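Visitor: Please take a close look at the aromatic ring pairs in this model. Which rings pair up, and how are they placed?

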Amino acid sequence: MELDRPLGHAIDEAARRVLPGGVNSATRQVGAPYAFTAADGAYVSDADGHRYLDYHAAFGAVLLGHNHPAVRQAVLTALDGVDLMGLGVTPIEVELAELACELIPSAEMMITTMSGSEATVQAVRLARAVTGRSLLVKFQGCYHGWGDALARNVISKPESAYGRDPLSAGLLDSAVDATLIAEFNDLDSVRALFESHPEQIAAVFLEPIPHNVGALVPTQEFVEGLRELTRQQGALLVFDEVITGFRHALGGYQQVCGVQPDLTAFGKAMANGFPTAGLAGPRELMERFAADVLLAGTFNGHPVAAHAAIATMRHLRDNPDFYLRTHRLGQRLRDGLGEITAELDVDATVSGFGGVFVLYFGTGPVSGYRDLMRNDHAAYAAFHRRMTGKGFLMLPMALKRNHVSGAHTDADIDLTLEAARDVLKEMRADGLI
Ligand SMILES: Cc1ncc(COP(=O)(O)O)c(C=O)c1O
């Protein structure tokens, strides 16, 4: 079901005249024109007055709910102070770094960037500077931002998975080729790369839960094994917690699994939708930014985003029930979808963690990217599109995940499960599953 959106179409047409593809980030263009004009709590509204329960959550950046009062107030307070100095430091930047170091287990120092991509670019440079090595390892299916070095092999087609699959034209060949690809949850695939490239690998980059392909949950053995292997091999272990950070636990997934990486990138949810991100690690490594690794950025540590981040983190720290609640609601959705698909005999696999839930259309279990190649991408996108048509906003693209925020309620979950049952029945009737 597609909603009627005359104004959305008009805005989309106007956008296409001045913005390439009509959007400011590639994955925002997904066929139907989306033009949003309002957001509050768990709900957003489009230009044509349709209201949606938001599970997209700006790719996971909105964690407390849209327009959260504590964050809103912090931003207003920020406007009464310094807007931007670009000289020395503001007290709010110090407070933000102190708070992040208090909350993230492996953090002794941090740098603040504007985006997750900048944080991972900095991690690449620091890892190369520290180790004197060039190569990197990432996992098929993980995304670490748009920097040349890591922009490859995310949602690859079967013919290019594990091969050479850059995300963009215009990347430097040597940068792409300096990143090797391993399989998630498969320690032997990483070990083999260390064996074939002895003393050349600077760092292993890991999304602890690869949410860019839905939700693959790591085994404890895998994360512990990676920690041990990278140490033995003299390479850094970098956790990209841009999605998992603050969303799954106050200290990120490293707090959940009890494994400390050398460096941690975080962003998205840290400021509940305001643009800031960071990279943290031990003093010994991070001090290189004060010595010979370039750290620069006009807007780094911007007071508005810094105030928003502090308000978000404090809210999470001072409300320990937050995670119990979002995780419980996420579990309700996962259990409910499991029951419905079993009852309707749909070949589907439910995955997720905490407040994140995913319904793959294919047989499980899912451990690595290879298992996701069984997913029926068309059915997956159709499910999300049809849920959106019924007022439950889910990005209509294969392998995109859904997020519960602090503003979702049990009643919202009931409505979502009812709608999911209807959508699956309709898809069955239309021969889509
Ligand atoms: C795991 C991960 N790392 C890094 C990034 C890049 O962050 P940003 O879009 O803020 O540059 C993303 C963005 O989706 C991400 O999911």
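Guide: A residue counts as buried under 20% relative accessible area, as exposed over 50%, and as partly exposed in between (1.4 Å probe, protein chains only). At 4% relative accessibility, Phe361 is therefore buried, and Phe383 is buried too, with a relative accessible area of 2%. The model is predicted, so local features need pLDDT of at least 70 and side-chain atom pairs count only at pLDDT 80 or more, while totals for chains, interfaces and linings use all residues. Residues are numbered from 1 along each chain as its sequence is written, and side-chain values use heavy atoms, with hydrogens and water left out.

Rings of Phe, Tyr and Trp (its six-membered ring) pair if their centres lie within 6.5 Å; planes under 30 degrees apart count as stacked, over 60 as edge-to-face and the rest as tilted. This rule gives 12 aromatic pairs. In one of them, the ring centres of Tyr253 and Phe353 are 5.5 Å apart and the planes stand at 75 degrees, so the pair is edge-to-face. Tyr253 belongs to helix α9 (residues 253-257) and Phe353 to strand β11 (residues 349-353), 100 residues apart; helices (H or I, at least four residues) and strands (E, at least two) are DSSP runs, numbered from the N terminus. Tyr253 and Phe353 are both buried.

Phe361 and Phe383 form a tilted pair, 5.8 Å centre to centre with 55 degrees between the planes. Phe361 lies in the loop between β12 (356-360) and α14 (369-372) and Phe383 in helix α15 (residues 377-389), so this pair ties together parts 22 residues apart in sequence. Elsewhere, ring pairs link Tyr34, Phe36 and Tyr52 into a cluster.
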